[in-house]
Amino acid sequence: MRFMLMHKLDENKPELWQPDEAFIARMGAFIAEANQAGVLLAGEGLRPSSVDAGRITVTDGKKTVTDGPFAETKELIAGFALLQVRDKAEAMQWGQRFVDVFIESGHDLEVDVRRVTEMEDLAG
């Protein structure tokens with residue numbers, strides 16, 4: 001099963017989007033551990049919406065294209081890790097390790113752990 005771990009940051013706190021060397025080292029250790037365990041498929045950080053971002057919204061069939069920053073949005077997905085694991089319990093264990101990377105930074109954090117829909121999930 002594939003699960004995506006997504007962490008969010010407050011768009012109004014630019015310092016959160018500039019990780020220090022200690023954070024980068026902790027994230028590197030997490031990535032190395034997940035890679036060595038054979039569960040990491042991909043993992044990336046995302047830039048704030050003020051940098052090369054856009055949003056496409058459809059309302060009542062009408063498409064609207066907006067450039068960042070997204071002032072009306074407080075928290076945005078700031079990064080992700082895509083994992084191949086046995087089950088939700090294992091995904092949650094890795095999710096807790098992922099959160100541990102951020103704890104020492106001293107800011108509040110929310111990480112969503114979501115299962116990826118596979119083709120077999122869609123077959124009736």
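Helices (H or I, at least four residues) and strands (E, at least two) are DSSP runs, numbered from the N terminus.

## Model and conventions

This is a predicted model: local features need pLDDT of at least 70, side-chain atom pairs count only at pLDDT 80 or more, and totals for chains, interfaces and linings use all residues. Residues are numbered from 1 along each chain as its sequence is written, and side-chain values use heavy atoms, with hydrogens and water left out.

## Overall fold

The protein chain has 3 helices and 6 strands. Along the sequence, their pattern is β-α-β-β-β-β-α-β-α. The C-alpha trace spans about 50 × 45 × 20 Å along its principal axes. Buried means under 20% relative accessible area, exposed over 50%, and partly exposed in between (1.4 Å probe, protein chains only). Of the 124 residues in the protein chain, 31% are buried. Contact means heavy atoms within 4.5 Å. Among contacts with a separation of 6 or more, 76% join residues 24 or more positions apart.

UniProt lists residues 1–113 as "domain: YCII-related", in an unreviewed entry. UniProt positions are given in the numbering used here, feature names are shortened, and annotations may be inferred rather than shown by experiment. Over residues 1–113 the chain is 28% helix and 36% strand. The end C-alpha atoms of that stretch are 12 Å apart.

## Nonpolar cores

A nonpolar core is a set of buried Ala, Val, Leu, Ile, Met, Phe, Trp, Tyr and Cys residues joined through side-chain atoms within 4.5 Å. The largest one holds 17 residues. Its members M27, L83, V85, W94 and F98 touch the most other members. Two or more residues come from each of β1 (2–10), α1 (21–36), β5 (75–84) and α2 (88–103). Helix α2 gives the most, with 5 residues.

What does W94 contact, leaving aside its neighbours within four places in sequence? The list is L5, F30, E33, A34, A37, V39, L83 and V85. A second, separate core has 6 residues, including L16, W17, L76 and A78.

## Largest pocket

On a 1 Å grid over the protein atoms alone, a pocket is an open set of points where a 1.4 Å probe fits, with protein on both sides within 12 Å along at least five of seven lines; lining residues have an atom within 4 Å of a point. Grid points are joined across faces, edges and corners, and a volume is the space filled by probe spheres set on the points. The largest pocket has a volume of about 560 Å³. It is lined by 29 residues, and H7, L16, P19, F23 and F102 are the closest to its centre. Elements giving two or more lining residues are β1, α1, β2 (40–45), β5 and α2. The largest share, 6 residues, comes from α1.

H7 lies in strand β1. H7 counts as buried because its relative accessible area is 7%. Beyond four places in sequence, H7 is in contact with L76, I77, A78, G79, F80, F98, F102, L109, E110 and V111.

K8 is found in strand β1. Its relative accessibility is 19%, so K8 counts as buried. A polar contact is a pair of N or O atoms within 3.5 Å; within protein, one must be able to donate a hydrogen and the other to accept it, and residues adjacent in sequence count only if both atoms are side-chain atoms. Another joins the side chains of K8 and D112, at 3.3 Å. Leaving aside neighbours within four places in sequence, K8 is in contact with E75, L76, I77, A78, L109, E110 and D112.

R26 is found in helix α1. R26 is also buried, with a relative accessible area of 18%. R26 touches V101, E104 and S105, not counting residues up to four places away in sequence. R26 and D100 are 74 residues apart in sequence, and 8.8 Å apart in space, C-alpha to C-alpha.

## Positive phi in two loops

Most residues other than glycine have a negative phi. D52 has a positive phi, near 50 degrees. D52 is found in the loop between β2 and β3 (54–59). D52 is exposed, with a relative accessible area of 82%.

D60 also has a positive phi, of about 50 degrees, although it is not a glycine. D60 lies in the loop between β3 and β4 (62–67). At 82% relative accessibility, D60 counts as exposed.
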